[in-house]
Amino acid sequence: RSSAASDVYKRQIPGHDSFSVLPPEPVTLKLYMPLCAEVFRTDPWDGPSDEPEEMSDREILRQEDAIVAAMVRNQCPEEAERGIMRWYNHGDSVDEKVQSVVFTAEEREGKLWGVAQCRIVGTLSDSELETLKEYISGQASDGWGEGFEQREIPTSDGDMYVHLWNWENSVSYTHLTLPTIA
């Protein structure tokens, strides 16, 4: 036996295991939601338009960097550690298992989607996932998202306003899987 191995052997107590139980590593769950935007276009002769114009998926996708940067700027200091879970405060199993939820945007299949990036420890039951989705939906439409959609994002086309939901799809704001595009 080497001297180092002998030292380790001497420190162990016979009949007792020497191991540590580590908590599970957090995993990332992404919940996707419709993202739409409108722009008050700026005309070189007439200035900014008084009426917003709905942006196409292609136009929105070209603004991905500006949108993600605006989402980061919209986070308040209290959300640094847990994101919007800072405001959850229900003291239930969702509060325990969901370490953080942060809004961002991501391109999937040629379209820019709003994304709630959730850091989860353990496994969410179906009812816990439904509770989380309802909370995120409320934050996307009325909470965090309502404040975000009221802040203009300057672009070369004019001031853009982004929504983490859309008028036609007001029932289902979040998706675990993306719809298939035919």
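Let's start with Y161. Is this tyrosine buried or exposed? Y161 counts as buried, at 17% relative accessibility. Keep in mind that we are looking at a predicted model.

Now its partner. The ring of Y161 pairs with the ring of F40. Their centres are 5.7 Å apart and their planes stand at 80°, so this is an edge-to-face pair. F40 is partly exposed, with a relative accessible area of 23%.

W144 and F148 are stacked, at 5.3 Å centre to centre, with 20° between the planes. This pair is local. Both residues lie in helix 6, residues 144-149. They are four residues apart, about one turn of the helix. W144 is buried, at a relative accessible area of 8%. F148 is buried too, at 2%. Ring pairs also bring in F103, and F103, W144 and F148 make up a cluster.

Two of those names come back in the next topic, the cavity. The count gives one cavity of 30 Å³ or more. Which residues line it? The lining is Q75, E79, G83, I84, V101, V102, F103 and W144. By type, that is five nonpolar residues, two polar and one charged. Strand 5, residues 98-108, gives the most to this lining, with three residues.

On to charges. Side chains of opposite charge can pair when their charged atoms come close. How many salt bridges does the count come to? Eight.

K30 bridges to E106, with the closest N and O atoms 2.8 Å apart. This pair links distant parts of the chain: K30 is in strand 1, residues 27-33, E106 is in strand 5, and they are 76 residues apart. K30 is partly exposed, at 27% relative accessible area. E106 is buried, at 17%.

Next, K111 and D57. Their closest N and O atoms are 3.4 Å apart. K111 lies in strand 6, residues 111-120, and D57 in helix 2, residues 57-62, so the bridge ties together parts that are 54 residues apart in sequence. D57 counts as partly exposed, at 38% relative accessibility. K111 has a second contact. Its charged end sits over the ring of W113, 5.6 Å from the ring centre.

Third, D95 and R82. Here the closest N and O atoms are 3.0 Å apart. D95 is in helix 4, residues 93-97, while R82 is in the loop between helix 3 and helix 4, 13 residues apart from D95. D95 is buried, at 16% relative accessible area. R82 counts as partly exposed, at 22%.

One last item: which residues are linked in a network of salt bridges? They are R41, E53, E59 and D157.

To recap with the model on screen. Look at W144 and F148 for the stacked one. Then find F103 and W144 among the residues lining the cavity. Finish on K111, with D57 as its salt-bridge partner and the ring of W113 under its charged end.

Key: Residues numbered from 1 in each chain as written. Predicted model: local features only at pLDDT ≥ 70, side-chain atom pairs only at ≥ 80, totals over all residues. Heavy atoms only, no water. Phe/Tyr/Trp six-rings, centres within 6.5 Å; stacked < 30°, edge-to-face > 60°. Buried < 20%, exposed > 50% of the residue type's maximum accessible area, 1.4 Å probe, protein only. Helix = DSSP H or I, 4+ residues; strand = E, 2+ residues; numbered from the N terminus. Lys NZ or Arg CZ within 6 Å of the ring centre and 35° of its normal. 1 Å grid on protein atoms, 1.4 Å probe; cavity = no way out; pocket = protein on both sides within 12 Å on 5 of 7 lines; lining within 4 Å. Points joined across faces, edges and corners; volume = space filled by probe spheres on them. Nonpolar A, V, L, I, M, F, W, Y, C, P; charged D, E, K, R; others polar. Salt bridge = Lys/Arg side-chain N within 4 Å of Asp/Glu carboxyl O.
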